Amino acid sequence: MMADSISPDDMRKELEKQIADLRKEISALGKSIADRGAETLERTREAASEAVDRARGQTRASFQQAREQAHAVTDAAREHPGTAATILSSAGIVGFVIGLVVGATLLGNERR
């Protein structure tokens, strides 16, 4: 045999060592990916939680503003019942006229 030749047994041992090294590297890569995924998930959860908190605050502020406006309208209607009745009657008449126009338009479209 030549001095440079490798025995089949040595070759098998070297391949087994390389395979073991590759398995360790794959395992380390898998752990790294899992850690990054966990970090990304945590950041996403935190961002979502912050967005929900902001939305809650904005919703509360909107409801409070709507409540205040409703009270202002109620107070104005109590102070000026004639004006309130006129506004509501006018809105009713406008709604009725819009209904007539839409109904006539739809009826006209059916006849064509």
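Biologist: Why is R12 called partly exposed?

Modeller: This is a predicted model, and in it R12 has a relative accessible area of 42%. Buried means under 20% and exposed means over 50%, with partly exposed in between, so R12, at 42%, is partly exposed.

Biologist: What makes the contact of D9 and R12 a salt bridge?

Modeller: The side chains of D9 and R12 meet with 2.7 Å from N to O. A side-chain nitrogen of Lys or Arg has to lie within 4 Å of a carboxyl oxygen of Asp or Glu, and therefore the value of 2.7 Å qualifies. Both residues belong to helix α1, which covers residues 8–79, and they are three residues apart, about one turn of the helix.

Biologist: How do you know that D9 also forms a salt bridge with K13?

Modeller: The closest N and O atoms of D9 and K13 are 3.8 Å apart, and because the cut-off is 4 Å, the pair is counted as a salt bridge. D9 and K13 are four residues apart in helix α1, again about one turn of the helix. D9, R12, K13 and E16 are linked in a network of salt bridges, and the count of such bridges comes to seven.

Biologist: Which label do D9 and K13 receive for accessibility?

Modeller: D9 has a relative accessible area of 36%, while K13 stands at 47% relative accessibility.

Biologist: What makes R56 and D53 a salt bridge, and where do they lie?

Modeller: Their side chains meet at 3.7 Å, N to O, and the limit is 4 Å, so the pair is a salt bridge. R56 and D53 lie in helix α1, three residues apart, about one turn of the helix. R56, at 48% relative accessibility, counts as partly exposed, and D53 is likewise partly exposed, with 44%.

Biologist: Why are I93, F96, V97, L100 and V101 called a nonpolar patch?

Modeller: A patch takes residues with over 30% relative accessible area and no salt bridge, and nonpolar side chains are joined within 5 Å; I93, F96, V97, L100 and V101 form such a patch on the surface, with about 500 Å² of accessible area together. Of these residues, L100 has its place in helix α2, residues 81–111.

Biologist: What makes the approach of T105 to V101 a polar contact?

Modeller: A polar atom of the T105 side chain lies 2.8 Å from the backbone oxygen of V101, and the cut-off for a polar contact is 3.5 Å, so the distance of 2.8 Å meets it. T105 is placed in helix α2 and, with a relative accessible area of 42%, is partly exposed.

Definitions and conventions. Residues are numbered from 1 along each chain as its sequence is written. This is a predicted model: local features need pLDDT of at least 70, side-chain atom pairs count only at pLDDT 80 or more; totals for chains, interfaces and linings use all residues. Side-chain values use heavy atoms; hydrogens and water are left out. Patches are made of residues with over 30% relative accessible area and no salt bridge: like charges are joined within 9 Å, nonpolar side chains (Val, Leu, Ile, Met, Phe, Trp, Tyr) within 5 Å. Accessible areas come from the Shrake-Rupley method with a 1.4 Å probe; for residues, only the protein chains shown count as cover. Helices (H or I, at least four residues) and strands (E, at least two) are DSSP runs, numbered from the N terminus. Buried means under 20% relative accessible area, exposed over 50%, partly exposed in between (1.4 Å probe, protein chains only). A polar contact is a pair of N or O atoms within 3.5 Å; within protein, one must be able to donate a hydrogen and the other to accept it, and residues adjacent in sequence count only if both atoms are side-chain atoms.
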